[in-house]
Amino acid sequence: MIKIGVINVSDRASAGIYEDIPGKAVVETLKEYLISDFETVYRVIPDEQSLISQTLIEMADKHNCCLIVTTGGTGPALRDVTPEATEAVCQKMMPGFGELMRMESLKYVPTAILSRQTAGIRNHSLIINLPGKPKAIRQCLDAVFPAVPYCIDLIEGPYLVCNQDVMKEFRPKS
């Protein structure tokens, strides 16, 4: 079974102060994109770097998630530490993901330059850090997801198939 991790990094959502809308938005978007059956490993955690890193390691190493998507904690606020936690656990960083997400977000808001989204590889898992707003999550995922299935192929993960009416993945012709 294909496993995909989703982590909403939010002090308030993890404390039950408000509903976990961003994490649910990621899951709904992935269900639209993918024809492949997948199981979601899901967490809502506070903005604590060590806990974020620990959760990423658990999803990658214990649950064997081929893709781990985080929401939140990517801005300049003092408690925004998701990129640092991601960098701490990855063997390779994939800066093109963050570059493209910021370029896409700049079409909508000038404050996109404040965002620190990134992506990286831990063993056979691709980790992508997304912003915390559902609209921005969709915009960013729409931009980068065409490359995600092929990236997962290259790190020896499962073969993901997209719903071509919603998301066209790109794989080079062999």
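This is a predicted model: local features need pLDDT of at least 70, side-chain atom pairs count only at pLDDT 80 or more; totals for chains, interfaces and linings use all residues.

User: How accessible is Asp11, and what does that count as?

Analyst: Asp11 has 28% relative accessibility, so Asp11 counts as partly exposed. The cut-offs are under 20% relative accessible area for buried, over 50% for exposed, and partly exposed in between, using a 1.4 Å probe and protein chains only. Residues are numbered from 1 along each chain as its sequence is written, and side-chain values use heavy atoms, with hydrogens and water left out.

User: Thanks! Which side chain meets Asp11 in a salt bridge?

Analyst: That is Arg79, at 2.7 Å from N to O. A salt bridge here is a side-chain nitrogen of Lys or Arg within 4 Å of a carboxyl oxygen of Asp or Glu. The two residues are 68 apart and link distant parts of the chain: Asp11 is in helix H1 (residues 11-14), and Arg79 is in the loop between strand S3 (67-71) and helix H4 (82-89). Helices (H or I, at least four residues) and strands (E, at least two) are DSSP runs, numbered from the N terminus.

User: Which residues are in the network with Arg79?

Analyst: Asp11 and Glu48 are linked with Arg79 in a network of salt bridges. Arg79 is partly exposed, with a relative accessible area of 38%.

User: And how many salt bridges are there by this rule?

Analyst: The count comes to 12. Among them is Glu28 with Lys31, at 3.9 Å from N to O. Both lie in helix H2, three residues apart, which is about one turn of the helix.

User: New topic: how many aromatic pairs does the structure hold?

Analyst: One. The ring centres of Tyr33 and Phe145 are 4.8 Å apart and the planes are at 45°, so the pair is tilted. For Phe, Tyr and Trp (its six-membered ring), rings pair if their centres lie within 6.5 Å; planes under 30 degrees apart count as stacked, over 60 as edge-to-face and the rest as tilted.

User: Is Tyr33 buried or exposed? What about Phe145, buried or exposed?

Analyst: Tyr33 counts as buried, at 0% relative accessibility. Phe145 is buried too, with 0%.

User: Last one: where is Gln117?

Analyst: Gln117 lies in the loop between helix H5 (95-106) and strand S5 (119-122). Gln117 counts as buried, at 2% relative accessibility.
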